[in-house]
Amino acid sequence: SYGKDTMTMTKERRTSVRVDSKTVEKVTHVSDEQWIREGLVIVIVGASGDLAKKKTYPSLLSLFSGNLLPSNVIIYGYARSKISNVQLREKLRPYLEGKAKSDVVEDFLSRCRYQAGDSYGDLKSWSALNNCITHYEEHLKVAKGIDKSNRLFYFAIPPNVFAETGGAIKSACMSLNGFSRMIVEKPFGRDLESCKDILHRLGQYFDEQSLFRIDHYLGKELVQNLMVMRFSNLWMENMFNRNFVQCIMLTFKEPFGTEGRGGYFDQYGIIRDIIQNHLLQVMSLLCMECPNKLDGPDSGEKIRNEKVRLLESMPPVTIDEVFLGQYEGYTDDETITNKDSNCPTFAIIRCFINNPRWAGVPIIFKAGKALNERKAEMRVQFKPAPAAETLFGGIEVPRNELVMKLQPGESVYLKSNIKTPGFSSTPIQSELEVKYDTRYFAKSHASNPDAYSRLILDVLRGRSANFVRSDELIRAWEIFTPVLHQIDNENICPH
């Protein structure tokens, strides 16, 4: 029942959190949007799993504490575990404490409910959940005059249960007078055919406008900054082409191995896990042509159209453009059953974009586990300054580089040459740098919102630009599937 839990909510929570509403409005504009004044129920499918506890619920708390969710929001968890509302809240509490003021955390937890089901496609359980949600929506209509209520479903579940979950929601739990939107987590297959199968499973129930396929890299600050950096700076757009750029490198490094996730990772490998999705998505935003609209209605589809156009200009990767590695001790992970596994944990891949802007410029992806540091970055290396060695007496003059660091610690820096201090005139490289933490957040308690919070808010606002469209997925797999099949079928041994 909703009644007792509803009474525990803070009646006017929106005034109890000290957030300057004008600032929120200026930054996000949600105060002027219709959905924020309507009813909202969020359903997290797979609520008892690690993803939900570690990412989804904390991100929702972040939005809640910032007044970026409707004041009437409630959050249902759905899973197979037989637990009560109180037990769910106690399981969530350790992941939420310290992420907001204690009274806000308690208010948030009071809005968290739970529905157990025998399976993810259990129609009886979904119907029971629908009855609870509908009852609450009717309460909003009578008590607060809210006629329209929306529903957001977050699929924190494996792809093999997408179909039964989607079918049950479509049959028993859709909103009657508002939107019903689905957030779907990767992996979206392990090759072209399995991707098409997953797309069909959900596509038979929901149209593209209702499906939001999440890639959390698209929610990172520096990735979302790419549109502004590229298309609002005259110097950057003029130099972003094959006439000035030597190569583009996208790097992902982790200082730890699989750490108990080996059973999952061994089925995918580093190319499928990182390069084919995260890094390829970032690269497409970095290198695409300018859409004729970057913000506002229809901008999402225009941006995604340009991403697809770029991917269509890339030929499939061949094995001679790939280097594979595996860190020593990889198969010591107890969850890896195949102790002779050739699964790559490190890869370097060179690609090309055959269009007038980028023809001949190498695009280099590098990703690996158990390396020397944690790092994710985009690096654009420019061509040498003309005749620089001759001008400076045969000294090798470093190339300029534009580096956008995604993690840890967002920053942008331009590697530029200056004179060596003192009597020497030898060029040395220095950085013109902007660090987000020190530049924007040093004198306040504010911080950059996490990627999941940004993306969930985008879904609620109906903004599609930062989500992966079905034709993007298909084309991405067309680029990588041939070489992945060759690696698997020939059991190519990594270095």
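This report describes selected local features of a predicted model.

## Basis of the description

The model is predicted: local features need pLDDT of at least 70, side-chain atom pairs count only at pLDDT 80 or more, and totals for chains, interfaces and linings use all residues. Residues are numbered from 1 along each chain as its sequence is written, and side-chain values use heavy atoms, with hydrogens and water left out.

## Aromatic pairs

The structure holds 13 aromatic pairs; rings of Phe, Tyr and Trp (its six-membered ring) pair if their centres lie within 6.5 Å, with planes under 30 degrees apart counted as stacked, over 60 as edge-to-face and the rest as tilted. The pair of Tyr78 and Trp126 is stacked because the ring centres are 4.2 Å apart and the planes stand at 15°. This pair links distant parts of the chain, 48 residues apart, with Tyr78 in strand S2 (residues 74-79) and Trp126 in helix H7 (residues 123-144). Helices (H or I, at least four residues) and strands (E, at least two) are DSSP runs, numbered from the N terminus.

Tyr78 and Trp126 are both buried. Buried means under 20% relative accessible area, exposed over 50%, and partly exposed in between (1.4 Å probe, protein chains only). Ring pairs also join Tyr78 and Trp126 with Tyr120 and Phe153 in a cluster.

## Salt bridges

Side chains of opposite charge can pair when their charged atoms come close. A salt bridge is a side-chain nitrogen of Lys or Arg within 4 Å of a carboxyl oxygen of Asp or Glu, and a search of the whole structure finds 31 of them. In one of these, the closest N and O atoms of Lys148 and Glu38 are 3.9 Å apart. The two partners are 110 residues apart: Lys148 lies in the loop between H7 and strand S4 (149-155), and Glu38 in the loop between helix H3 (21-28) and strand S1 (39-45). Lys148 is partly exposed, with a relative accessible area of 36%, whereas Glu38 is buried at 7%.

Arg213 and Glu208 form a salt bridge with an N to O distance of 2.6 Å; Arg213 has a relative accessible area of 6% and is therefore buried. Asp471 pairs with Arg469, the closest N and O atoms being 2.8 Å apart. Here Asp471 is partly exposed at 31%, while Arg469 is buried at 10%. A network of salt bridges links Lys253, Glu373, Lys375, Glu377, Arg379, Glu401 and Lys415.

Asn72 lies in the loop between helix H4 (50-65) and S2. Its relative accessibility is 4%, so Asn72 counts as buried. The side chain of Asn72 reaches the backbone nitrogen of Leu40 at 3.2 Å. Contact means heavy atoms within 4.5 Å; leaving aside neighbours within four places in sequence, Asn72 is in contact with Glu38, Gly39, Leu40, Arg111, Tyr136, Leu140 and Ile146.

Thr258 is found in the loop between strand S7 (245-253) and helix H13 (262-265), and is buried with a relative accessible area of 4%. The side chains of Thr258 and Asp333 make a polar contact at 2.5 Å. A polar contact is a pair of N or O atoms within 3.5 Å; within protein, one must be able to donate a hydrogen and the other to accept it, and residues adjacent in sequence count only if both atoms are side-chain atoms. Not counting residues up to four places away in sequence, Thr258 touches Phe265, Tyr327, Tyr330, Asp333 and Lys369.

Asn448 is in the loop between helix H17 (436-440) and helix H18 (451-461). With a relative accessibility of 18%, Asn448 counts as buried. The C-alpha atoms of Asn448 and Lys220 are separated by 9.2 Å, although these residues are 228 residues apart along the chain.

At the start of H18, a side-chain oxygen of Asp450 comes to within 3.0 Å of the backbone nitrogen of Tyr452. H18 is mostly covered, with 11 of its 11 residues buried; among them are Tyr452, Arg454, Asp458 and Arg461. Just after H18, Gly462 adopts a positive phi of about 75°.

## Partly exposed Phe392

Phe392 is located in the loop between helix H16 (388-391) and strand S12 (401-407). Its relative accessible area is 37%, so Phe392 is partly exposed.
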